Amino acid sequence: MRKIVAGLFISLDGVVESPEKWHFPYFNDEMGQIVGEQMQAADAMLLGRRTYEGFAAYWPNPEPEAADMAEHMNGTPKYVVTSTLETASWENSTIISGDVAAQLKELKNQPGKDIGITGSATLVRSLLRDGLLDELRLLIHPIVVGGGIKLFADGEQVPLRLLDSRTLETGVIYATYGRA
């Protein structure tokens, strides 16, 4: 059975929004290897609407230095969880709406590697709440951003258990959580 795995850059105060504004001082080869391993372990992407729209606007025609990554982003099957989009024009994209839980369970039962999530905080929260997210892999940056969309909003508790952790040379903590 495939796993749904979310990999996120997150600040100490829980912000996941706009990591391009605070994350890069901490990015090094060690973190690049972790991100690369996560990408290689997945053969499908699961995206919320907002993340999908941002990626779909950028990745089909990225800057030249992102060409290697673009091949992966464009070629990988993408599943977009949305209640508002009716079509998804970015290549290899499929809309998931209606009974999302049933469709994701069916997708998890298909042969293949992990189904990876990047960004999509609202989707990650709903999958955690509904028991559909198998692993939450956080790269916790030693910075307080001070504002922005947080991964966890006030509300319901979701018990997790630490599966693995390590501290990178930049002070970033790489922590993997599963459901408790």
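Trainee: Leaving aside its neighbours within four places in sequence, which residues is Arg137 in contact with?

Mentor: In this predicted model, Arg137 touches Lys3, Val5, Ala6, Gly7, Leu8, Gln38, Asp114, Tyr174, Ala175 and Thr176. Arg137 itself is found in strand β6, residues 135–141.

Trainee: Why is Arg137 called buried?

Mentor: Its relative accessible area is 12%, and buried means under 20%, so Arg137 is buried.

Trainee: What makes the pair Arg137 and Glu135 a polar contact?

Mentor: The side chains of Arg137 and Glu135 are joined at 2.7 Å. The cut-off for such N or O pairs is within 3.5 Å, so this pair counts as a polar contact.

Trainee: Let's move on to the salt bridges. How many does the structure hold?

Mentor: There are 7 salt bridges. One of them is formed by Asp43 and Arg2.

Trainee: Why is the pair Asp43 and Arg2 called a salt bridge?

Mentor: Their closest N and O atoms are 2.5 Å apart, and the definition asks for a Lys or Arg side-chain nitrogen within 4 Å of a carboxyl oxygen of Asp or Glu, so the pair qualifies. Asp43 sits in strand β2 (residues 42–48) and Arg2 in the segment before β1 (4–11), so these partners, 41 residues apart, link distant parts of the chain.

Trainee: What does the salt bridge between Lys108 and Asp134 tie together?

Mentor: The closest N and O atoms of Lys108 and Asp134 are 2.8 Å apart. Lys108 lies in helix α4 (residues 100–109) and Asp134 in the loop between α5 and β6, so the bridge ties together parts that are 26 residues apart in sequence. Lys108 is buried at 6% relative accessibility, whereas Asp134 is partly exposed at 26%.

Trainee: How do you know that Arg129 and Asp130 form a salt bridge?

Mentor: Their closest N and O atoms are 3.3 Å apart, and the limit is within 4 Å, so they form one. Arg129, at 44% relative accessibility, counts as partly exposed, and so does Asp130, at 46%.

Trainee: Good, now the second largest pocket. Which residues line it?

Mentor: The lining consists of Arg125, Leu128, Arg129, Phe152, Ala153, Asp154, Gly155, Glu156, Val158 and Leu160. The pocket's volume is about 240 Å³. Helix α5 (residues 121–129) gives the largest share of the lining, 3 residues.

Trainee: What makes the class count of that lining come out as it does?

Mentor: It has 5 nonpolar, 1 polar and 4 charged residues. Gly is counted as polar, so Gly155 falls in that class.

Trainee: One last topic, the backbone. What makes the phi of Asn92 stand out?

Mentor: Most residues other than glycine have a negative phi. Asn92 has a positive one, near 65°. Asn92 is found in the loop between β3 (78–81) and β4 (93–96), and is partly exposed at 40% relative accessibility. Ser120 also has a positive phi, near 60°. Ser120 is placed in the loop between β5 (114–118) and α5, and is buried, because its 8% relative accessible area is under 20%.

Conventions
Residues numbered from 1 in each chain as written. Predicted model: local features only at pLDDT ≥ 70, side-chain atom pairs only at ≥ 80, totals over all residues. Heavy atoms only, no water. Helix = DSSP H or I, 4+ residues; strand = E, 2+ residues; numbered from the N terminus. Buried < 20%, exposed > 50% of the residue type's maximum accessible area, 1.4 Å probe, protein only. Polar contact = N/O pair within 3.5 Å; in protein donor to acceptor, adjacent residues only side chain to side chain. Contact = heavy atoms within 4.5 Å. 1 Å grid on protein atoms, 1.4 Å probe; cavity = no way out; pocket = protein on both sides within 12 Å on 5 of 7 lines; lining within 4 Å. Points joined across faces, edges and corners; volume = space filled by probe spheres on them.
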